[in-house]
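Take a moment to look over the fold before reading on.

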Amino acid sequence: MPLPQIIALLRETLGLDVASVGISLIERAVKRRVNANGLRDFSQYDELLQRSQPELQSLYEAVVIPETFFFRYPESFAALRQIVGEQFFFGTQKMRALSVPCSTGEEPYSIAMTLLDAGLSLEKFQIDAIDISTHLLDIARLGLFGSNSFRGSELQFRNQYFQKIDAGFRLCDRVRQCVKFEQGNVVEGRFRFGGEPYDFIFCRDLLIYFYTGAQGQVLESLRQLLTADGLLFVGSAETGLLTQHSFSSVKKMPMAFAFRKSASVGFRALPNKQPKVWSPTSARRTKAYRKPDLAIHKKAVAETVKHEKGRVPDLAFAEQLADKGELGEAAEICKVSLREQGPSARAFHLLGLIRDSVGDQHQASEFYRKALYLEPDHYDVLIHLALLKDKSGDGTAAKALKNRARRVLERTK
């Protein structure tokens, strides 16, 4: 049966970890391509793949799972706008941004709208958008989107930049002309080798689909593509991977999931001060284990939520503290929340992230398990626990957790 050979080919060329999408999805995709080519079985299709690059591309199209919408992770776009205003607005330097994979275009177009809203003129920035799927790129270039591309309640941008037509929402030419789309494979060893570096790279919710070796290879490629003080934005479930590959979380951008090269300094327009970062090595050197002053914490919380009608979002504040590297304080707030308000998947998840970041895999796993007991379909927890299982060598458990996460993602579409 050649299906294992086909899976091995996808692993080699796409970096795909089959457990991240499930073998059944790949099998269904192969069956569709067998039927589309009028072949008898998988053996004939395997022979076709060996000699036909176009058919290999068609298989990529059948396997790739597009999941995107405008202004996904809005904090990252808020961070982008802030930095652009500080660093690029008044200078002569041209800002460069990369979206990979760009899927059907919602992410790079969101970058473009952010830059236009920040007051940048078209000649002051360049946005490149890359995806392996030529089909998805064709959709992106068309600039026509359905209602599923617009989520949440903050949709003012839709009225500003889109025209409602019978087929959906058409993006205005002003935004479309900001983005250059091209086909490419980020897993290739010399991906954009020698190209001009980028100030911002958006590569979100891709690494979780790769096996460990491919993750490291892609992160090294992205590292080479970043300017010395550039920012890499990733998905919420991928932050642990970045700290394992010498990237450092940017503490002043809570929930933006923004990272820079660990050896780089702060942005030129910001104060020249070495930031505290939330990484496994630096967390051991910072005040993560200093007993927090709860009186100061309570005062800070009160100041933060004075407009919140009396409801204190302790866990939201804890997440902000953790993102700034204040791990001890964040953990203490979680414990207080659990003691006073009872079990919470959100609190256990954050405690797991904190222990994960300082290398305590056993305790992190325990917190993740408690979070899953309370919320079995918590996607981020499933992915983080799967990554821990991978690191500990328990491939079977990691595969089962990734399958659960995949089913959760499929149900939300």
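Which residues lie nearest the centre of the second largest pocket? They are Phe71, Pro74, Phe77, Glu154 and Phe157, out of 18 lining residues. Keep in mind that this is a predicted model. The second largest pocket has a volume of about 410 Å³. Helices α6 (74–87), α7 and α9 (156–161) each give at least two residues to its lining. Of these, α6 supplies the largest share, with four residues. Sorted by class, the lining of this pocket holds eight nonpolar, five polar and five charged residues.

Now turn to the largest pocket. Its volume is about 970 Å³. A total of 43 residues line it, and the closest to its centre are Ser236, Ala237, Phe257, His349 and Asp380. Several elements give two or more residues to this lining, among them α12 (239–244), β10, α15 (314–323) and α17 (345–357). Helices α18 (361–374), α19 and α20 also belong to that group. The lining of the largest pocket divides into 20 nonpolar, 13 polar and ten charged residues.

The structure holds two cavities of 30 Å³ or more. The largest cavity contains about 620 Å³ of space. It is lined by 32 residues, and Val64, Ile65, Pro101, Asp205 and Leu206 lie nearest its centre. Its lining has 22 nonpolar, four polar and six charged residues.

The second largest cavity holds about 60 Å³. Residues lining it include Ser20, Ile208, Tyr209, Tyr379 and Lys402. The largest share, four residues, comes from α20. By class, the lining of the second largest cavity has six nonpolar, one polar and two charged residues.

What about the strands? Strands of a sheet pair through backbone hydrogen bonds, either parallel or antiparallel. Seven strands here form an open sheet with mixed pairing, in the order β6-β2-β1-β7-β8-β10-β9. At its edges are β6 (179–183) and β9 (247–249), each pairing on one side only. On average, neighbouring strands of this sheet are turned by 25 degrees against each other, direction ignored.

Look at one pair within it. Strand β2 (residues 125–131) runs parallel to β6, and five bridges join the two. In one of these, isoleucine 127 has valine 179 of β6 as its bridge partner.

Helices lie across this sheet. Helix α7 (residues 106–117) lies across β1 (95–99), β2, β6 and β7 (198–202), and runs at about 170 degrees to β2. Helix α11 (residues 212–225) lies across β1, β7, β8 (226–233), β9 and β10 (258–261), at about 130 degrees to β8.

There is also an antiparallel sheet of three strands, in the order β3-β5-β4. Its edge strands, β3 (144–145) and β4 (162–165), each have a single partner, so one side of each is left without a neighbour in the sheet. Two bridges join β3 to β5 (residues 168–171). Phenylalanine 145 has phenylalanine 169 in β5 as its bridge partner.

Finish with a single residue. Valine 336 sits in helix α16 (residues 327–341). Is valine 336 buried or exposed? Its relative accessibility is 14%, so it counts as buried; the cut-off is under 20%. Alanine 347 is eleven residues from valine 336 in sequence. In space, the two are 9.8 Å apart, C-alpha to C-alpha.

Notes: Residues numbered from 1 in each chain as written. Predicted model: local features only at pLDDT ≥ 70, side-chain atom pairs only at ≥ 80, totals over all residues. Heavy atoms only, no water. Buried < 20%, exposed > 50% of the residue type's maximum accessible area, 1.4 Å probe, protein only. Pairing = 2+ DSSP bridges. Axes fitted to C-alpha atoms, helices over the stretch in contact; angles between N-to-C directions. Contact = heavy atoms within 4.5 Å. 1 Å grid on protein atoms, 1.4 Å probe; cavity = no way out; pocket = protein on both sides within 12 Å on 5 of 7 lines; lining within 4 Å. Points joined across faces, edges and corners; volume = space filled by probe spheres on them. Nonpolar A, V, L, I, M, F, W, Y, C, P; charged D, E, K, R; others polar.
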